[in-house]
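Thank you all for coming.

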Amino acid sequence: MSTISKKYVGKKLKLAWYILLSNRDTKNGDLMIRKVYVEVTARFDTEGNITPLSVTWEDGTVYTIDKVVDKRRAASLKAGGIGIRYTCRIVNQESYLFYEEPRWFVEAKS
């Protein structure tokens, strides 16, 4: 694997872990999760189905969604909110992406 590929994969893994891992406040053990609104490129088909294709993070980095594993109406129990929850695989790490009309968000540690 080339150095450029290693850096790219490393950066994508870093985002995936950032999204997936919860952060605990060392003083009282509470979960510190926040809603991060993100830009999403998605495909809308003729039946009205939405398939997210990529996520643009706060710093402008674009991450391609390798696969949508699951789609269901669900609540974000960590960050609050309800909408369509997409379980997405990004660089072999699964994370949740929520569509809360009209915006998209992920759960991220504070």
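Predicted model: local features only at pLDDT ≥ 70, side-chain atom pairs only at ≥ 80, totals over all residues.

Let me begin with a question: is K35 buried, partly exposed or exposed? K35 is partly exposed, with a relative accessible area of 25%, where buried means under 20% relative accessible area, exposed means over 50%, and partly exposed lies in between, using a 1.4 Å probe and protein chains only.

Residues are numbered from 1 along each chain as its sequence is written, and side-chain values use heavy atoms, with hydrogens and water left out.

The protein chain contains one helix and seven strands, these being DSSP runs numbered from the N terminus, with H or I over at least four residues for helices and E over at least two for strands. From the N terminus on, the order is α-β-β-β-β-β-β-β, and of the 110 residues, 34% count as buried.

Returning to K35, its side chain meets that of E100 in a salt bridge of 3.1 Å, N to O, the term meaning a side-chain nitrogen of Lys or Arg within 4 Å of a carboxyl oxygen of Asp or Glu. Because K35 lies in strand 1 and E100 in strand 6, the pair ties together parts that are 65 residues apart in sequence. E100, at 18% relative accessibility, counts as buried.

The structure holds four salt bridges, and another of them joins the side chains of R34 and E58 at 3.4 Å, N to O. R34 lies in strand 1 and E58 in the loop between strand 2 and strand 3 (62-64), so this pair ties together parts that are 24 residues apart in sequence.

E107, in strand 7 (residues 103-109), is buried yet has no salt bridge, and the nearest side chain of opposite charge, K78, is 4.9 Å away; here Lys and Arg count as positive and Asp and Glu as negative, with His and the chain ends not counted.

Finally, the largest nonpolar core has 17 residues, and those with the most contacts inside it are V38, W57, Y86, L97 and W104. Such a core is a set of buried Ala, Val, Leu, Ile, Met, Phe, Trp, Tyr and Cys residues joined through side-chain atoms within 4.5 Å.
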